[in-house]
Amino acid sequence: MELSVERDGAVERWTILGEARRNSLTMALLGELRAHELRAAGDRALRAIVLTGAGDRAFCAGADLKERARMDGAGVAGFHRALREALGGLEALPQPVVAAINGAALGGGLELALACDLRLVAEEAEVGLPEVGLGIIPGGGGTQRLPRLLGVARAKELILTARRVGGAEACTLGLASRAVPRARLAAEAQALAERLSRLAPIALRQAKRAIDGGVGLPLEDGLELEHRLYRPCLESRDRLEALDAFAARRPPIFGGE
Ligand code: COA
């Protein structure tokens with residue numbers, strides 16, 4: 001097993017197990033990640049996910065370079081396919097996913113965090129895309145998701161220099177929303193996931209789709225997409241529950257219907 005899953009009410013914590021190899025990405029790990037994504041996508045009681053790495057050295061050190069050294073060309077191509085599918089699957093989950101970047105997030109490790117919806121980072125962590133220093137380019141979406149997140153100038157600065165940045169700078173750049181001391185990271189990520197788990201699930205799902213689907217579109221097309229994605233919220237029981245709760249001055253309880 002390379003990915004452990006712990007459930008606490010409506011929140012799951014997915015932990016990459018591979019401390020000795022700094023939680024680097026193996027084919028087996030990508031397979032397990034994909035299987036859990038497929039399970040989670042159909043689990044309506046699951047409201048938020050925290051993704052993190054075991055130990056305190058690494059979130060994920062990217063592709064497992066030892067496994068990679070044993071691969072032929074077809075093996076590497078297969079790895080990239082599996083990586084793309086696993087990261088795309090994470091991004092497409094109906095639930096919000098919080099990356100708790102507890103240590104180094106490098107190469108595919110940072111790309112994994114970029115496929116999550118929100119990122120909290122340990123002050124002690126280092127993150128970066130070192131690929132051009134290794135004779136390759138980011139192959140898990142880094143050249144595409146990073147400029148969408150930070151803008152072209154900042155993404156080029158990070159990718160072309162292969163520079164690693166600490167937790168505080170990652171926040172300044174917009175790579176993560178908050179940096180906290182490592183000792184507090186797990187609790188902060190859990191608190192954030194619990195907050196998300198109390199919000200309206202259909203609305204969260206539709207908001208994710210509107211943002212992710214609209215970011216590359218011309219404004220008018222994006223507004224059309226938003227309009228289309230608004231409708232299921234309008235038709236949901238949760239919207240009525242929110243109005244009732246407001247009138248009764250009580251917190252809403254959302255059933256995800
Ligand atoms: N794949 C496979 N094994 C890895 C790895 C990777 N990506 N990154 C680290 N490891 C292994 C090391 O080989 C070492 O194994 P060993 O004990 O059998 O020698 C072990 O993890 C510990 O590595 P070490 O460098 O001593 O750990 P650290 O905690 O001091 O530093 C990192 C952790 C992640 C900062 C550092 O290992 C690193 O920079 N790794 C390379 C990351 C990288 O370039 N990834 C991009 C791939 S495109």
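Is arginine 39 buried, exposed or partly exposed? Hello everyone, let's find out together. What we have here is a predicted model, where local features need pLDDT of at least 70, side-chain atom pairs count only at pLDDT 80 or more, and totals for chains, interfaces and linings use all residues. Residues are numbered from 1 along each chain as its sequence is written, and side-chain values use heavy atoms, with hydrogens and water left out.

Back to our opening residue. Arginine 39 counts as partly exposed, because its relative accessibility is 33%; buried means under 20% relative accessible area, exposed means over 50%, and partly exposed is in between, with a 1.4 Å probe and protein chains only. You will find arginine 39 in helix H1, residues 27-41 (helices are DSSP runs, H or I, of at least four residues, strands are E runs of at least two, and both are numbered from the N terminus). Setting aside neighbours within four places in sequence, arginine 39 is in contact with Val5, Glu12 and Trp14, where contact means heavy atoms within 4.5 Å. With glutamate 12, the side chain of arginine 39 makes a polar contact of 2.9 Å. A polar contact is a pair of N or O atoms within 3.5 Å; within protein, one must be able to donate a hydrogen and the other to accept it, and residues adjacent in sequence count only if both atoms are side-chain atoms.

Next, please look at glutamine 95, in the loop between helix H3 (73-91) and strand E5 (97-101). Why does glutamine 95 count as buried? Because its relative accessibility is 5%. Its side chain reaches the backbone oxygen of aspartate 43 at 3.4 Å. Beyond four places in sequence, the residues in contact with glutamine 95 include Ala40, Leu46, Ile49 and Lys208.

Now for the ligand. There are 16 residues around it, and Arg22, Arg57, Ala61, Leu65 and Lys66 come nearest; a residue is near if one of its heavy atoms lies within 4 Å. Which kinds of residue make up this shell? It divides into 8 nonpolar, 1 polar and 7 charged. Here Ala, Val, Leu, Ile, Met, Phe, Trp, Tyr, Cys and Pro count as nonpolar, Asp, Glu, Lys and Arg as charged, and the others, Gly among them, as polar.

A side-chain N or O atom of arginine 22 is 2.8 Å from an oxygen atom of the ligand. For lysine 66, the distance from a side-chain N or O atom to a ligand oxygen is 2.9 Å.
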